[in-house]
Amino acid sequence: MPDRPTVDTARTRLDKWLWAARFFKHRTAATEAVDGGKVKLNGIAAKPAREVKPGDRIDITIGEETRTVVVQAIADKRGSASVAQTLYEETADSIEQRERARDLRKLAATPGADLHGRPTKRDRRRIDRFSGF
């Protein structure tokens with residue numbers, strides 16, 4: 001029999017891998033995030049059908065949080081959380097940035113913390129003066 005080209009089965013779609021690695025609850029959400037530019041594969045915006053293989057670097061932005069992970073293994077089916085954690089390794093820089101952002105959020109004042117109910121007459125005058133009424 002002639003030599004057949006070897007088929008690399010250690011690949012899967014980007015959106016499927018993100019769902020299997022539990023970054024998104026639904027595959028549709030993973031697809032929308034990739035389409036929306038929230039996910040970059042090796043530093044480049046990719047389409048949901050782009051194939052992911054071990055060694056690829058993925059930047060994932062969820063809310064205000066950005067994670068950079070390196071693909072360690074491939075899965076196209078969603079498993080338990082412990083299995084999902086073996087699919088990737090988060091970079092040290094990414095962990096450090098997330099911890100720094102978390103500390104800054106703890107120190108920042110809660111929006112509206114200085115507001116106590118309805119504005120007083122004095123507050124209303126200040127608002128009107130500021131608004132130009």
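This is a predicted model: local features need pLDDT of at least 70, side-chain atom pairs count only at pLDDT 80 or more; totals for chains, interfaces and linings use all residues.
Strand E6 covers residues 65-71 and contains Thr-68. On one side of the pairing scheme is strand E5, residues 57-62, which runs antiparallel to E6 and is joined to it by six bridges. One of the residues involved is Ile-58, whose bridge partner in E6 is Val-69. E5 and E6 make up a hairpin, with two residues between the strands. Gly-63 lies in the turn of this hairpin and has a positive phi of about 70°.

E6 also pairs with strand E7, residues 88-90; these two strands run antiparallel and are joined by three bridges. Here Val-70 has Glu-89 in E7 as its bridge partner.

Thr-68 can now be placed in this setting. Its relative accessible area is 15%, so Thr-68 counts as buried, the limit being under 20%. Apart from neighbours within four places in sequence, Thr-68 is in contact with Arg-57, Ile-58, Asp-59, Glu-89, Glu-90, Thr-91 and Ser-94.

The next topic is charged side chains. Side chains of opposite charge can pair when their charged atoms come close. The structure holds eight salt bridges. One of them links Arg-11 with Glu-51, with the closest N and O atoms 3.4 Å apart. Arg-11 lies in the segment before strand E1 (12-13) and Glu-51 is in strand E4 (residues 51-52), so this pair ties together parts that are 40 residues apart in sequence. Arg-11 is partly exposed, at 35% relative accessible area, and Glu-51 is also partly exposed, at 44%.

Another salt bridge joins Arg-13 to Asp-15, where the closest N and O atoms are 3.1 Å apart. Arg-13 has a relative accessible area of 32% and is partly exposed, whereas Asp-15 is buried, with a value of 2%. This pair belongs to a network of salt bridges that links Arg-13, Asp-15 and Arg-27.

A further salt bridge lies within a helix. The side chains of Arg-100 and Glu-96 meet at 3.1 Å, N to O. Both residues are in helix H4 (residues 92-107), and they are four residues apart, about one turn of the helix. Arg-100 is partly exposed, with 44% relative accessibility, and Glu-96 is partly exposed as well, with a relative accessible area of 45%.

Methods
Residues are numbered from 1 along each chain as its sequence is written. Side-chain values use heavy atoms; hydrogens and water are left out. Buried means under 20% relative accessible area, exposed over 50%, partly exposed in between (1.4 Å probe, protein chains only). Contact means heavy atoms within 4.5 Å. Two strands pair if DSSP finds at least two bridges between them. A salt bridge is a side-chain nitrogen of Lys or Arg within 4 Å of a carboxyl oxygen of Asp or Glu.
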